[in-house]
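Work through the following exercises with the structure on screen. Each task is followed by a worked solution.

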Amino acid sequence: MRLRSVFCLFTFVLPAFAQDPGKPSEKLIDTQVGALPIIISCPHDGTKAIPDVPVRMGTGIEKFVVVRDTNAGAIAEELAKELETRFKAKPYLVIARFGRKYLDVNRPMDGAYENEKAKPYYESYHGLLKEYSQAVQKKWNRGLLLDIHGQGAESETVFRGTNDLKTVKALITRYGKPAVVGEKSILGHMAKNGVKIFPACDKDDPEDKRYSGGHIVQTYGSHTAYAIDAIQLETGGKQRGSGRKEFVTKLADAVEVFAREYLPMEAGKKPKADK
Ligand SMILES: [Zn+2]
């Protein structure tokens, strides 16, 4: 996959990068501009150090976590590739390559980093998500953001993170809950294909508090001015490990079915669900 480095993009936009571009050979955020109303984000699978930034200590930070979501980035990349093949167009993509132990972009700025030299990378990650969300909203008047994570609790389960449906408010308003858990939804379609989903799609249980959706879906979800329906997907260890190929296929199948039903995938055409 050809991904451009964020340094190319922001050298001209953010003065912080012009002054302090770090080591140009190090790509700390991979990104691509899309031509679909779909944005894929992956904040926690990076391994690289940020120049001159020590490991975070987490003193006084609530729910301090530095563990890597191993291979969540591969899922994000492979999903993007699958969607490109199916739709002959790329989704937007933002993948952190810096380690979470240096910077956690899925937190509000206060608590995301402990050294000011990490701040430009925080701003770059969110600058991209902001730019892409606005571009999608402007062009398609709706869109989907998938924030891909990994959890260590249940190796074969995907935990849904929408702040109990808050970050998918527009989808629910337009089409009702089936657009989030029904057979043509992403989670419902995966469930139909044998992927364990929590909360179960046929139940009204609340989401697991540990995985119910962090700062990214809270910032860009359709309850906000960005108005992009945002879902955090917390994937299991097997789905990121030995079962990854099969899982990515099922995820891509589900996103394709969802997109053809609920997103305007062709210019000037309404989603199927609108007809
Ligand atoms: Zn994560």
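**Exercise 1.** Find in which sense strand β6 and strand β8 pair, and over how many bridges.

Solution. Strand β6 (residues 157-161) and β8 pair in the antiparallel sense, over three bridges. Two strands pair if DSSP finds at least two bridges between them. Strands here are DSSP runs of E with at least two residues, helices are runs of H or I with at least four, and both are numbered from the N terminus. Then turn to strand β5 (residues 144-150), which pairs with β8 in the parallel sense over seven bridges. Here His 149 stands opposite Glu 234 in β8.

The model is predicted: local features need pLDDT of at least 70 and side-chain atom pairs count only at pLDDT 80 or more, while totals for chains, interfaces and linings use all residues. Residues are numbered from 1 along each chain as its sequence is written.

**Exercise 2.** Decide whether the residues of β8 are buried or exposed.

Solution. A residue is buried if 20 or more other C-beta atoms, placed from the backbone, lie within 10 Å of its own, exposed if 12 or fewer, and partly exposed in between. In β8 (residues 229-235), seven of the seven residues are buried, so the strand is largely enclosed by the rest of the structure. In a regular strand the side chains alternate between the two faces of the sheet. On one side of β8, Asp 229, Ile 231, Leu 233 and Thr 235 are buried; on the other, Ala 230, Gln 232 and Glu 234 are buried.

**Exercise 3.** Describe how helix α3 packs on helix α10.

Solution. Helix α3 (residues 72-87) and helix α10 (residues 244-262) pack at about 50°, with axes 9 Å apart. Axes are lines fitted to C-alpha atoms, for helices over the stretch in contact, and angles run from 0 to 180 degrees between N-to-C directions. That makes α3 oblique to α10, since angles under 35 degrees count as roughly parallel, over 145 as roughly antiparallel, 65 to 115 as roughly perpendicular and the rest as oblique.

**Exercise 4.** Locate Ala 112 and state which residues it contacts.

Solution. Ala 112 lies in the loop between β4 (92-96) and α4 (119-140). With 22 C-beta neighbours inside 10 Å, Ala 112 counts as buried. Leaving aside neighbours within four places in sequence, Ala 112 is in contact (C-beta atoms, placed from the backbone, within 7 Å) with Leu 103, Asp 104, Val 105, Arg 107 and Tyr 122.

Methods. Two residues are in contact if their C-beta atoms, placed from the backbone, lie within 7 Å.
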